[in-house]
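Please keep the model open beside the text as you read.

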Amino acid sequence: MDKKTVSPLLIPDLPTGPLDEYRQKAKFNWKQLKLDFYGKDALEFMDSVWSVLQSDPIFKHAPLDLSLDETRHHTFKQVRRLMEYNFLTFEKMIMKPSIAQWFTAAVGMYNWSTMAKFILNYQMFAGCLRMMGSDRHSEFVEDAETLQIFGCFALTEMSHGSNTKLMRTTATYDPRTQEFVINTPDIEACKIWVGNLGKSATHALVFAQLYTPDGNCHGLHGFVVPIRDPNTLQSLGGITVGDIGKKLGLNGVDNGFVLFNNVRVPRENLLNRTGDVSPNGQYLSPYKDPNQRFAASLGPLSGGRVGIIQIGACNLRMAITIAIRYSAVRRQFGPNNHTEIPVIEYQLQQWRLIPYIAASFALEHLSRIMLQAIADFQLSAVIGEKTEHHAELGREIHALSCAAKSLSTWTASRGIQECREACGGHGYLAVNRLGELRADNDPNLTYEGDNHVILLQTSNYLLSRFNALMQGESVEEAPMGSVGFIGNYRQILQRKFTATNEHECQKPEVLVSVYEWLICYLLKETHTKLNNSLRDGCDEFSARNNCQVYYAQDLSIAYIEYFTLRKFSEFVSQHPDTPILSQLVSLYGLWSIQSHLTRLYQGGFISGTRPTQLIHSSIVALCLQLKDQAVSLVDVLAPPDFILNSAIGQSDGEIYKNLYGAILQSPGVLDRPPWWREFLHKPVIQHDTQHSSKL
């Protein structure tokens, strides 16, 4: 197929080599698909960032044997240089919100520590001040965006993470001095896991329980608290701050802890969009309902979760690129002793890997949908919109983001591990990057909420709508269109699986219909179990706790898989001239549905052996059909070789030359060890004379 229809200035040609065998088999133009899937603006922006990173010596990939302090120093220098390049500004993001998403992907795929350290200051500190504060905080924002100060986001405490309402750091207002007194009551309340805080942050956005002089607690609020002197990086009076030490990954980010001993900050350091305190100590808020105020005050967390959806998708697309390119070149065994075939020709390798290509495309599109939604929501909040539509959009985004973050990061976690194993022993070598991807993806499963825990937020949202429906209320479709079908749950539960062959089984509309039935069934079952527990005398907390496993959690997962599949299918329907995308939709849907077969049988949606046989045979058939397209599909997903930074994942396919070259570049690879003299001191073996042989 002609690859020249897209300018090589926009999408460069790939080098020739061992991968040509499969690239020549592709039935689609990979450049055109890359352009259609990502868009010209995104590709041009990311390429401009990547070109700068590759040409700047500061972004030369660091040796693997740097010390912890050297790693953090190296990362900080890169963050400072990124700020000098000024790729991301508030004005640019207002004009084109997608630019933040492109920047995160471009820098993150290079190095997630660099990206995280940048984002923690620029978005989680300065960005939250914009959203949660007012004009009186503009100086802090400007200073953070020019690195006059360096910020962090301090919410989690030693003994509380997910249960944010019970954070125990206090901020007590003193009307005599018009200051808040920030205090840590004990070590369990110390702020911990705060990115940037360990060594480099000068200021923190600290969440604390606000107390007014009358003794009333008004819940969690954000305060700007100076931590270190920006000129010396020495900690300020009343503050104990330190580094929590080496982690399993992301060690370029200095996560830290801090305790406050009656630290005073001006009244104006309270972020006052959701609540303020007058000079004489009166609490003021536009929100009459404390729960609404609390939700609004932690609104930025939804933005953080949405960002993690993209991180999971990026990690998966890099891992699957490495594994597919390796599998297309690596040869093992064959029909006779003289012929070996690429391991991608084996059905098992196809079944292990190719569904993750489909998942990569689906999750990448999901992240774009969610990032656009949160950008629209946050922009509306900044301009002061307080309509019911805006509030409902916030609730829907919260429910979707909790589930989507879980789906993306779990899928990436499983996918990276599968790719590591599919590359055999070479996949375990650090220069091939799969270990780094696995380690750096891992914290996403618990950052911004443990996946298992935040799925409860999603099921609570769905159950609240179903409860309203059961009480005879009219339940309108939500702004993003994720729940409208639930109003027809009675009719939907009458459906049965009707596909009689693989062609019918693979139709996207059939797969979407399966998910609609599954969600309605799980809603009904979870609702029934919850109400039965309440009737049996359980309090609501215990009743909800007792219906998580096999009920509420499965409901949340089915809901986000449905939404992901439907949105991906809608995107593909807009590109009818690219049948390869339709195959990816079908594979993603079937691959996801197979994990729910027990429920589909249990609820009577399917019966007999034929449906399972159709689903399984369709998955295997689609993997086979996509086998010759797999290399070109990951060419669509792949960043440049410099960014991917994997010896066996490079686009030229020279896996052995590149691997050997990378091994030879390791420090001291050919040297004898400095402890070689120890080898000369032979051990003195102690003989057991009591039990020695008499022979």
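The report below goes through ring pairs, charges over rings, and cysteines.

This is a predicted model, in which local features need pLDDT of at least 70, side-chain atom pairs count only at pLDDT 80 or more, and totals for chains, interfaces and linings use all residues. Residues are numbered from 1 along each chain as its sequence is written, and side-chain values use heavy atoms, with hydrogens and water left out.

**Aromatic pairs**

A search of the whole structure turns up 21 aromatic pairs. Rings of Phe, Tyr and Trp (its six-membered ring) pair if their centres lie within 6.5 Å; planes under 30 degrees apart count as stacked, over 60 as edge-to-face and the rest as tilted. Here are two of the pairs:

| Pair | Centre to centre | Angle between planes | Class |
|---|---|---|---|
| Phe103 and Phe118 | 5.2 Å | 55° | tilted |
| Tyr588 and Trp591 | 6.4 Å | 50° | tilted |

The pair of Phe103 and Phe118 links distant parts of the chain: Phe103 belongs to helix H6 (residues 98-110) and Phe118 to helix H7 (residues 112-122), 15 residues apart. Helices here are DSSP runs (H or I, at least four residues), numbered from the N terminus. Phe103 counts as buried because its relative accessibility is 1%, and Phe118 counts as buried at 3%. Buried means under 20% relative accessible area, exposed over 50%, and partly exposed in between (1.4 Å probe, protein chains only). Both phenylalanines also belong to one aromatic cluster, formed by Tyr85, Phe87, Phe103, Phe118 and Tyr122.

Tyr588 and Trp591, by contrast, both sit in helix H21 (residues 579-593), 3 residues apart, or about one turn of the helix. Tyr588 and Trp591 are both buried.

**Charges over rings**

Which ring has Arg368 over its face? Arg368 lies over Phe37, at 4.4 Å from the ring centre. Likewise, Arg672 lies over the face of Trp676, at 3.8 Å from the ring centre. A charge sits over a ring if NZ of Lys or CZ of Arg is within 6 Å of the ring centre and within 35 degrees of the ring normal.

**Cysteines**

How many disulfides does a search of the whole structure find? The search finds 0, with a disulfide being a pair of cysteine sulfur atoms within 2.5 Å. For Cys402, which is in no disulfide, the nearest cysteine sulfur is that of Cys128, 16 Å away. Cys402 counts as buried, because its relative accessibility is 0%. Cys423 is in no disulfide either; its nearest cysteine sulfur, that of Cys419, is 6.7 Å away. Cys423 is buried too, with a relative accessible area of 1%.

Methods
Helices (H or I, at least four residues) and strands (E, at least two) are DSSP runs, numbered from the N terminus.
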